[in-house]
Amino acid sequence: MKRFLIITAVFAISIAGIAWFGASARAQQAEIMTEAHIERIRSNCVDAQSILFQLHASDAGLRVNRGQIYESISTKLMTPLNSRIVLNRLDSVNLVSIAANYENQLQEFRTLYQQYEESMSDTLDMDCTDEPVAFYDSIAETREKRQLTHDSTVTLHKTILEYGDEFEAFAEDFQADNS
């Protein structure tokens, strides 16, 4: 029962952080840049870069914290539980399958975040005063990659919930079989 409470607490904590990539990106429709638009980009360049630097720093910290939680769920909960169930020759096909799916999703999250990070770094390295159109396009690309990363975290959280539900079903079956 104590183990169940620990697992439930970790799931609750992970769900609470679902918004770590909180600001969702919106797809931008291709538009023709007018001189007025280009001038607005140039005049707001310093403010835009400042905001991007703050976002970059914030996302980096969140990525580390969230990544550690995701890793812990895998290495400290799913893997040991699945190993113990298998060692005791119990039926855990669904739990193992969900855990394998989670591992694949976790790897995808890492890849997507790395792509987002590289895109953000490239954007931050640009001189938006000299290259306003390229800067604008780079922000749009970075926004899309950030959204993909956010979608990946949502998928991870759904899988965590699925694992929790499957664990509860497994526990009920186990208790029913051993009563």
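Reader: Leaving aside neighbours within four places in sequence, which residues is Tyr-102 in contact with?

Author: Tyr-102 is in contact (heavy atoms within 4.5 Å) with Tyr-70, Ile-73, Ser-74, Met-78, Leu-156, Thr-159 and Ile-160, once its neighbours within four places in sequence are set aside. This is a predicted model, in which local features need pLDDT of at least 70 and side-chain atom pairs count only at pLDDT 80 or more, while totals for chains, interfaces and linings use all residues. Residues are numbered from 1 along each chain as its sequence is written, and side-chain values use heavy atoms, with hydrogens and water left out.

Reader: How many residues does the largest nonpolar core have?

Author: In soluble globular proteins, nonpolar side chains tend to be buried together. A nonpolar core is a set of buried Ala, Val, Leu, Ile, Met, Phe, Trp, Tyr and Cys residues joined through side-chain atoms within 4.5 Å, where buried means under 20% relative accessible area, exposed over 50% and partly exposed in between, with a 1.4 Å probe and protein chains only. Here the largest has 17 residues, and Tyr-70, Tyr-102 and Tyr-163 have the most contacts inside it. Two or more residues come from each of helix H3 (45-87), helix H4 (93-125) and helix H5 (132-177), the helices being DSSP runs of H or I, at least four residues, numbered from the N terminus.

Reader: What is the phi of Arg-89, and where does Arg-89 lie?

Author: Most residues other than glycine have a negative phi. Arg-89, although not a glycine, has a positive phi of about 55°; Arg-89 lies in the loop between H3 and H4 and is exposed, with a relative accessible area of 76%.
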